[in-house]
Amino acid sequence: MAKPSVLLIMEGTYPFNGGGVSTWAHILCNRVSNVDFKLYSINASFETEYKYKLSDNINEVIQVPLWTPDEPYDYISYGEEYYKTVAKKEWTNDEVVAQKFIPIFKSLLEFIYSDDRDIEDLDIIFHQLWFILKIMIIKKPLEMSRFG
């Protein structure tokens with residue numbers, strides 16, 4: 001029987017920074033040996049070294065730097081899927097958002113505020129949104145004034 005897997009979400013702490021929460025997380029991961037852990041570490045910037053020796057039941061560390069101008073792929077390889085995601089983010093600029101996303105979003109708003117609604121229209125709008133958001137990552141807040 002496979003061991004249970006636990007995603008441990010850490011903000012600004014383990015395994016890159018010391019402190020009380022980091023100590024607690026380190027003890028937890030070391031003493032609960034019948035569980036596989038994946039660490040999701042949210043940090044201010046990209047960290048290159050662990051402050052703790054990780055136990056064998058930590059299978060993966062996913063690092064999410066929030067405030068750095070660097071991209072994680074500048075430091076480490078996350079595999080093909082990660083690079084596809086980065087490419088989507090780089091491809092999605094204001095022009096692409098204006099041409100591809102905004103018309104569908106406006107259709108959704110028109111549907112919501114319409115007195116004459118056909119649920120099949122909503123199904124089409126959701127399918128269009130799903131399709132376009134599969135190929136886009138909108139990295140800036142939508143300020144509708146930028147798009148007319």
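Helix axes are lines fitted to C-alpha atoms over the stretch in contact, and angles between N-to-C directions run from 0 to 180 degrees.

The structure is a predicted model, in which local features need pLDDT of at least 70, side-chain atom pairs count only at pLDDT 80 or more, and totals for chains, interfaces and linings use all residues. Residues are numbered from 1 along each chain as its sequence is written, and side-chain values use heavy atoms, with hydrogens and water left out.

**Figure 1. Crossing of helices α3 and α4**. Two packed helices are described by the angle between their axes and the distance between the axes. The axes of α3 (residues 94-113) and α4 (residues 119-135) come within 10 Å and cross at roughly 155 degrees. Helices (H or I, at least four residues) and strands (E, at least two) are DSSP runs, numbered from the N terminus. The two helices are therefore roughly antiparallel; angles over 145 degrees count as roughly antiparallel, those under 35 as roughly parallel, 65 to 115 as roughly perpendicular and the rest as oblique. The crossing of α3 past α4 is left-handed, a term used if the near helix is turned anticlockwise from the far one by less than a right angle, with right-handed used if clockwise.

**Figure 2. Residues at the contact of α3 with α4**. Contact means heavy atoms within 4.5 Å. Helix α3 contributes Lys 100, Phe 101, Ile 104, Ser 107, Leu 108 and Phe 111. From α4 come Asp 121, Leu 122, Ile 125, Phe 126, Gln 128, Leu 129, Ile 132 and Leu 133. By class, the residues of this contact divide into 10 nonpolar, 2 polar and 2 charged. Ala, Val, Leu, Ile, Met, Phe, Trp, Tyr, Cys and Pro count as nonpolar, Asp, Glu, Lys and Arg as charged, and the others, Gly among them, as polar.

Figure 3. Leu 122 is buried, with a relative accessible area of 15%. Buried means under 20% relative accessible area, exposed over 50%, and partly exposed in between (1.4 Å probe, protein chains only). Leaving aside residues up to four places away in sequence, Leu 122 touches Leu 108 and Phe 111. Between the C-alpha atoms of Leu 122 and Ile 112 the separation is 9.0 Å, and the two residues are 10 residues apart along the chain.

**Figure 4. Salt bridge between Lys 3 and Asp 36**. A salt bridge is a side-chain nitrogen of Lys or Arg within 4 Å of a carboxyl oxygen of Asp or Glu, and a search of the whole structure finds 2. In the pair shown, the N to O distance is 3.4 Å. Lys 3 belongs to the segment before β1 (5-11) and Asp 36 to strand β2 (residues 36-43), so the pair, 33 residues apart, links distant parts of the chain. Lys 3 is partly exposed at 39% relative accessible area, whereas Asp 36 is buried at 17%.

**Figure 5. Salt bridge between Lys 38 and Glu 60**. The closest N and O atoms of the two side chains are 3.3 Å apart. This pair also links distant parts of the chain, with Lys 38 in strand β2 and Glu 60 in strand β3 (residues 58-65), 22 residues apart. Both residues are partly exposed, Lys 38 at 30% relative accessibility and Glu 60 at 36%.

**Figure 6. The loop between β1 and α1, with Thr 13** **and Pro 15**. A cis peptide bond joins Tyr 14 and Pro 15, with omega about 5 degrees. Thr 13 is buried, its relative accessible area being 13%. Apart from residues up to four places away in sequence, Thr 13 touches Val 21, Ser 22 and Asn 43.

**Figure 7. Trp 91 in helix α2 (residues 80-91)**. Trp 91 is partly exposed, with 37% relative accessible area.

**Figure 8. Ile 27 in helix α1 (residues 20-31)**. Ile 27 is partly exposed, at 39% relative accessibility. Ile 27 and Ser 55 are separated by 28 residues in sequence and by 9.7 Å in space, C-alpha to C-alpha.
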